[in-house]
Amino acid sequence: MSGLNLDDFVDLIERPDGGVRRDAEERRERLTLPPGALGRLDELGEWLSAAQQRVPVKPIERSRVVLFAGDHGVAELGVSARPAGSAHQLVRAVLDGESPVAILARRYDVPVRVVDMSLDCDPDDLPKEVTRHRVRRGSGRLDIEDALTLEEAEQAFRAGMAIADEEADAGTDIVVLGDVSVGGTTAAGTLIAALCGTDASVVTGRGGAGIDDLAWMRKCAAIRDGLRRARPVLGDQLQLLAASGGADLAAMTGFLLQSAVRRTPVILDGVVSAACALVAQRVAFRAPDWWLAGQNSGEPAQEKALDRIALDPLLDHGVTVGEGTGALLALPLVQAAAALAAELPERPDPAPDERADGRADGQDSDAPAADDIT
């Protein structure tokens, strides 16, 4: 029996401050630019004000990329373009600064944190700060067995919560959330299909590296079989993550919920983070108010999940590489919204003499007063 009570999140998570958001909207109406001139940037700036509980909004200066890494046993079925158990190679590319997300993070001056939850490699192959939260070596094959035991799911979930606390305590003002996995999109598709009540074929995509038709059919069959095991535990989100998720997905779900508790905004990346967000929404309905969808990855399951959560992606550039890359591309847009909301000047108040003689209200100062008219 789990000692983790997910119902606590319902009471702990509050929405961003609505009163502050109204103040931000009123300030926006006083800016020199006409309303609507900045499009969605206005909405983002007001959302950030509500999240920060301050007007004007504070610029985004301490962002962080957080990537949860893991291998999934279902990859043994040939559902991914990458070999099963090879996610550690992707992690090494991130750590060596050679992956797309690492290159962009270096360009944007954003630190990257990688958290190994279930990589299928010797932990000594990676730095201790990466592996210290590892739950197990590879998650189970979700089509025929639970991806995790319930105890492992709780351990991973709590690890995600702890990392969210560490980021909040460090002053991180927004997190770019992604995954580094092989087989992760199959697990994500299974969770989303189960929670949205759809068939496997509706949510099965081509994955980050792209797969051929035969691999797509194998992936669709794996999700179909995984659904048979997921549906009986839909009422218990932790059991659902144990049956059909994996350690990295369980940790991401815990991270998302605890980030909402700590009032830390999060930018979601692709289908894996969207699946975790959908599970987290089932736990606490206010939690999605703390998240942004960074990009549309083109995965049908992601579209299903974001539609259910009511999040509209900021970008649609066809980026499928994963690893937080698409969400990181959206970060400058969010930073721009904060900077504009913070620094654009307000219209000056009318001068005292203008208010006195009525010119501020459009009255002609040379017109005769009412007492002079006979």
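In what order do the five strands of the open sheet lie, and how do they pair? The order is β2-β1-β3-β4-β5, and the pairing is parallel. Strands pair here if DSSP finds at least two bridges between them. The model is a predicted one: local features need pLDDT of at least 70, side-chain atom pairs count only at pLDDT 80 or more, and totals for chains, interfaces and linings use all residues. Residues are numbered from 1 along each chain as its sequence is written, and side-chain values use heavy atoms, with hydrogens and water left out.

The protein chain contains 16 helices and five strands. These elements are DSSP runs numbered from the N terminus (helices: H or I, at least four residues; strands: E, at least two). The C-alpha atoms fill a box of roughly 95 × 45 × 40 Å, taken along the principal axes. Of the 374 residues, 53% count as buried. Buried stands for under 20% relative accessible area, exposed for over 50%, and partly exposed for values in between (1.4 Å probe, protein chains only). Among contacts (heavy atoms within 4.5 Å) between residues at least 6 apart in sequence, 75% join residues at least 24 apart.

The sheet has two edge strands, β2 (112-118) and β5 (291-293), each of which pairs on one side only. Neighbouring strands are turned by 25° against each other on average, direction ignored. For such angles, axes are lines fitted to C-alpha atoms, for helices over the stretch in contact, and values run from 0 to 180 degrees between N-to-C directions. Strand β1 (residues 63-71) is joined to β2 by six bridges, and the two run parallel. Val65 stands opposite Val112 in β2. Six of the seven residues of β2 are buried. Further along, three bridges link β3 (residues 174-182) with β4 (residues 266-268), again in parallel. Val176 has Ile267 of β4 as its bridge partner.

Val110 lies in the loop between α5 (100-108) and β2. Its relative accessibility is 6%, so Val110 counts as buried. Leaving out residues up to four places away in sequence, Val110 touches Ser63, Arg64, Val65, Ala105 and Leu331. Helix α15 (residues 325-343) has 19 residues and reaches 28 Å from its first C-alpha to its last, close to the 27 Å expected at 1.5 Å a residue. The expected span is 1.5 Å times one less than the number of residues.

After α7 comes Gly171, with a positive phi near 85°.

Ser259 lies in helix α12. With a relative accessible area of 2%, Ser259 is buried. Beyond residues up to four places away in sequence, Ser259 touches Ala164, Thr264 and Val266.

The structure holds two aromatic pairs. Rings of Phe, Tyr and Trp (its six-membered ring) pair if their centres lie within 6.5 Å; planes under 30 degrees apart count as stacked, over 60 as edge-to-face and the rest as tilted. The centres of the Phe68 and Phe255 rings are 5.7 Å apart and their planes stand at 65°, so this pair is edge-to-face. Phe68 belongs to β1 and Phe255 to α12 (residues 247-261), so the pair ties together parts that are 187 residues apart in sequence. Phe68 is buried, at 0% relative accessibility. Phe255 is buried too, at 0%.

A nonpolar core is a set of buried Ala, Val, Leu, Ile, Met, Phe, Trp, Tyr and Cys residues joined through side-chain atoms within 4.5 Å. The largest such core has 76 residues, of which Phe68 and Trp291 touch the most other members. Helix α13 (residues 271-283) gives the most to this core, with 10 residues. Apart from this core lies another, of 38 residues, including Val57, Val65, Ala69 and Ala75. Neighbours within four places in sequence aside, Trp291 is in contact with Trp47, Leu256, Val266, Leu268, Ala277, Ala280, Gln281 and Leu311.
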